[in-house]
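The sequence and structure come first.

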Amino acid sequence: GRGRVALRAIVLSVHWGGDRSPGELVDEALARLGNDDFGPAPFIQALDEGDRAQLRGEATDLTAKFLECFPPLKDSWWARSEASVKHELHDGLIILSGRPDLTLGRPKGTTPTKVLLDLKTGFRSPAHREDLRFYALVETLRMQVPPRKVATYYVDEARPEAEDVGEAHLRAALRRTIDGVRKLVEVLHGGREPARRPGPPCRWCPVKGTCAEGQAYLKQRADELDL
């Protein structure tokens, strides 16, 4: 929860004029997320006063860390927050889409200039890099020009993990995408049984109340945090 709230606060800081404090940004983020019709809205609405205060404090700490350590975003960077990228294949039968947390730069002819950036809290995961490579693939299909770099910025560490986008990265993302499409078709039309793989998204899943795997994962995570 704290990462989602901090991300929304950070996104607000990019475009909200004036010198807003981290606490102000987090309060606005909580209000907006709580009024959404999706995502963590039910979780935020159900918080009691104490839990809400704790979440606000943790999210404010993360927001402050980002604002302290990340370079100020300049207008000349063409910074966009949560800008979707999308490309349709086979007359819309397959839609590839993603939403990097921050997009910096703009195309200059056929010269790669854009940087796609995701903000993360908590542990590192190989999936973070794979997600960014997928965004780079969709951006390349959409614009016919690849981004220059992709990067994950770990807010807790104030440290980016970046890589230049090359043909090998795009081919790896393409293979992963084809594999995912094939599995989805097999589940929907080929009789393949879907496999449940619990993880952090279980916290927001609408069926977590009836999913044994998800409940077991959430209990294990809660027990680990109590240690």
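The sections below describe a predicted model.

## Strand S6 and its burial

Strand S6 spans residues 149-154. Five of its six residues are buried, which leaves the strand mostly covered.

## The parallel neighbour, S5

S6 pairs with strand S5, residues 115-120, in the parallel sense. Six bridges hold this pairing. Within it, Leu116 stands opposite Val150 of S6.

Helix H5, residues 126-143, belongs with these two strands: S5, H5 and S6 make a β-α-β unit, and the unit is right-handed.

## The antiparallel neighbour, S7

S6 also pairs with strand S7, residues 159-164, and here the two run antiparallel. This pairing likewise has six bridges.

S6 and S7 form a hairpin with four residues between the strands. In this hairpin Ala158 takes a positive phi, near 55°.

## Cysteines

How many disulfides does a search of the whole structure find? The count is zero. Cys205 is accordingly in no disulfide, and the nearest cysteine sulfur, that of Cys202, is 6.4 Å away.

Cys205 is partly exposed, with a relative accessible area of 30%. Cys69 is also partly exposed, and its relative accessible area is 44%.

Definitions and conventions. Residues numbered from 1 in each chain as written. Predicted model: local features only at pLDDT ≥ 70, side-chain atom pairs only at ≥ 80, totals over all residues. Heavy atoms only, no water. Buried < 20%, exposed > 50% of the residue type's maximum accessible area, 1.4 Å probe, protein only. Pairing = 2+ DSSP bridges. Right-handed = clockwise from strand over helix to strand, strands pointing away. Disulfide = S-S within 2.5 Å.
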